[in-house]
Amino acid sequence: MTITHAERLQVKLYASATPPAGEDLVPVFHRWIREHVVDDDTLIDVVDYGHVKDGPGVALIGHGADYFYDESEGRKGLLFFRKRALEGDLRGRLQDAFTRTLEGAARLEGEGALDVAFGRDEVLVRILDRLHAPNDDASYAALEPLVREVAEAALGGAVTLERVGAGTKGPLSVRVRRA
Amino acid sequence: MPAKTWKSELAGRLPEELDREIDLFEGQIALRKQGKMDERLFAETRLRRGVYGQRYDNGLRDDGTGPKPLAFPCGELTKGPDTVWDAPGMQRIKIPYGKMSAEQLDMMADLAEELSDAILHVTTRQDIQLHFVHIEDTPDMHRRLASVGITTREACGNSVRNITACQFAGVCNDESFDVTPYAEAMTRFLLGHPDVQEFGRKFKIAFSGCDDHPCGLVTFHDLGAVGFVEDGKRYFKVVVGGGLGAVPVVAKVLAEKCPEEELLPLTQAVSRVFARLGEKQSRARARIKFLMQKFGIDELRRLVEEERKLLREDPRWTDYLSHLSATDEEPLRPGGPLALDGAPATFRAWAETNLRPQAQDGYYVATVTLPLGDFSSDQARVLADLARRYTGDTLRCTVEQNVALRWVSGADALALWEALDAAGLGAPGAGTIADPTSCPGTDTCKLGISSSRGLTGELRKRLTVLADDPVTRPLHVKTSGCFNSCGQHHVADIGFLGVSRNVGGRKVPHFNVVLGGQWTENAKSYGLVVGAVPSKSAPEAVEVLTRAYQEGREGDESFQAWVQRIGKGTIRKLLEPVSKAPSYEEDPSYYRDWGDPREYGTGDLGVGECAGEIVPWVEFGLTTSEQEQYEAQDLYDAGQHQAAAAKAFASMVTAAAALVRHLAGQVRDEPSDVVAAFRRHLVDTELFFDPFVKGKFADYFFRAFERRKFETDDPEAVHALLDEARLFLEASHACYQRLGATPPPSAAGLIQPAAE
Ligand code: SF4
């Protein structure tokens, strides 16, 4: 199954309660660049797409990965996007993405002035690699056990999975909920 | 199992030539990585495939405390001079005359999501751009685009860029005929044509179906073709040598009446003349407008006619004429009446500005307003589905950075709008003051000086109310982040051009306010700078100007006529209250640009302890120069062209003298002395050089000096001189900022005290 070669993937945690406006994240992300808060990647730039409804929100662009204060699906959240520069297979990349998303969320929650919190009981995983992981049943069948295994380890308990966006042109996606 | 590749996946499904070209490009990427290809050659190679640089790709980023290196893993590897290999770049995707299919849009949505930041950006030349793309992802991107019939070939570089045309072509009530098949034929004919490979600069072509409306904007193109019919036969008026850029030039008529069968050979002849005689060494003077200025339009026409005679017959010149209907579009659904009665008010408001009846009964063009030209991958897929469901697959990007859906039945308009609105695409105001356009500016462009997108985003929020007033609604507001004018501010009613100013020893982002441009009649005339305002005051400047226009206009006087009548002096007085930045201590927000919390460019300028209190003499000189430019504009407006030219030149002398004195002490006020000292101290030392265009602005000064008797009364030539004087002053400000309030010892050490 070629899905193990999939390189690009996203993990999103949803903001709870009343999330801050996207523009409030702009100075925070700029500071993250200045302070090199991610020590094994180069953070490059910040872009505010708040004018695009339900779009990518505010992007912190990096070399190997991006962080978005994402607004897609009409729900704000922290979305980690692994783009490149990670050896290994999809399991390893999923593990890394979960870890970094959780770390990023904790870091944002630690930004007192932002007053943001992210739930840990719902996660969206998207595989942005239509070559190795087209949005079809076979890909989902291969992805499902991997996500379950990684999510249970990362979230510390059993999870339920729900495929989302089946039959659409969007990427292969799965919603994870803590059981 | 070995990993699949897009190359293997798409094998046999790409047009052979495109497939080969992309393989070649992939090979060139490998060669460059192995150090076997020169970086300059590689840069032009990738540009010709639309793979462009982006801000910070020199590996440096000012984080608000000064420029800091960005640590990319590629080490010393570059993809061009001063362009780090790993730094993300921009992919420009050529969309000939803006026309795209739902399938193509779906593909671009996927690519934006996987390889960019999930945003598609429509440019003012009907392209789509994706940002933050890694060079090594581009060959597969190109393959996937080729699989849906898109090539990025010659999207950038010194070649024929995207050929644009009015988005209403074929469905317009006012057009002479549909120019689509001609734009298509020209695109195919020139793509990769050997006669367009040796240009010194880019070459932009536009089509229009009529002379009166602005959709084609032919007058600021290198070559423009306006269709008309006479005695039942189709002709084009062909114009050449137009351009915006630093000094805008209105194209001149090359052929009043070019028969349709002559259009391609004539263009080929123009291309050959441009390739042969156009400037190659100095990029700053390499567009065809300079060739036109050098020879004059009559001599250029003669050269083109001579060249035309030498061309060998090519069947492609006329083959397409036998099947002009090949580009015709078919509606999917029967036309029907637009029912506004009883429809929601929000729909009616949208219909008023965003629906335009087609020439074909019962059909409309629906314009989807895109804020800042941006839409997400999710929205792109919605648009593609709606195009399939309602229109028979007919989408076009517009030069106002929107997307048009053609062949919408009036009976479907409400359902279409509801679906658009649900996706966040149902905003009204297309083509009004509430729909300002902008170039990328400092957000992503390497050359940006001020945040054109940041300002435009702010204007969008504030100008909606002005769209309710029929007086201000039709005004166009356009913003460029620098003098290259990609935001087309010269042809806006109110244009903004990003510049930077020194206030109390700190840089403050500013915008020049450009008024009086004409959008109609294919953007027939260009505006002039009336002054600069701090970036943070630019929205107030719009409010001040529109309020004064609302209150002071006579009858149905246009904005342009109002500007002309009350004069720039009065306008400067109106703007005075919003022209000055407060001190840093009073309001530091002026020292940051829109949407950017970093201090604006302080890293480039050491701020001395007393910098906030002492005004160096050079600043007085630059201010005086500015004042002289205003006087030159007033003289120009009064029709005193020679006096205006002399005053514009005097303003250049004043600015140059201020810089010379800043560096070298004394110089007499005689222009010849100032020129000599300026050349020695600022040009020979390259201190005046712009990082990108080098000595271009100094050349303006030297040329003005050579022509200093100013006997010309030609308003266009004087207008150009005024523009050049303005740019020279901006370059002087920039030079002063680089030097700092106290010139660095290294600069002072380079020069001897002036002997004058
Ligand atoms: S006008 Fe200047 S800032 Fe704007 S896109 Fe063009 S070059 Fe860049």
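Trainee: What makes a residue count as surrounding the ligand, and which residues do so?

Mentor: A heavy atom of the residue must lie within 4 Å of the molecule. The shell consists of C439(B), P440(B), G441(B), C445(B), L447(B), G448(B), S480(B), G481(B), C482(B), N484(B), S485(B) and C486(B). By class, 6 are nonpolar, 6 polar and none charged; Ala, Val, Leu, Ile, Met, Phe, Trp, Tyr, Cys and Pro count as nonpolar, Asp, Glu, Lys and Arg as charged, and the others, Gly among them, as polar. The model is predicted: local features need pLDDT of at least 70, side-chain atom pairs pLDDT 80 or more, while totals for chains, interfaces and linings use all residues. Residues are numbered from 1 along each chain as written, chains are lettered from A and ligands numbered from 1 in the order written, and side-chain values use heavy atoms, without hydrogens and water.

Trainee: Why are α2(B) and α3(B) called roughly antiparallel?

Mentor: Helix α2 (residues 16-33) and helix α3 (residues 39-47) of chain B pack at about 155 degrees, with axes 11 Å apart. Angles over 145 degrees count as roughly antiparallel, and the pair therefore qualifies.

Trainee: Which residues make the contact between α2(B) and α3(B)?

Mentor: F25(B), Q28(B), I29(B) and R32(B) of α2(B) meet E39(B), F42(B), T45(B) and R46(B) of α3(B), contact meaning heavy atoms within 4.5 Å. This contact has 3 nonpolar, 2 polar and 3 charged residues.

Trainee: How do you know that helix α1 of chain A is mostly covered?

Mentor: In α1(A) (residues 25-34), 7 of 10 residues are buried, that is, under 20% relative accessible area with a 1.4 Å probe, protein chains only. Among them are F29(A) and W32(A). The cover includes α2 (90-109) of chain A and β2 (60-62) of chain B.

Technical notes. Buried < 20%, exposed > 50% of the residue type's maximum accessible area, 1.4 Å probe, protein only. Helix = DSSP H or I, 4+ residues; strand = E, 2+ residues; numbered from the N terminus. Axes fitted to C-alpha atoms, helices over the stretch in contact; angles between N-to-C directions. Parallel < 35°, antiparallel > 145°, perpendicular 65-115°, else oblique.
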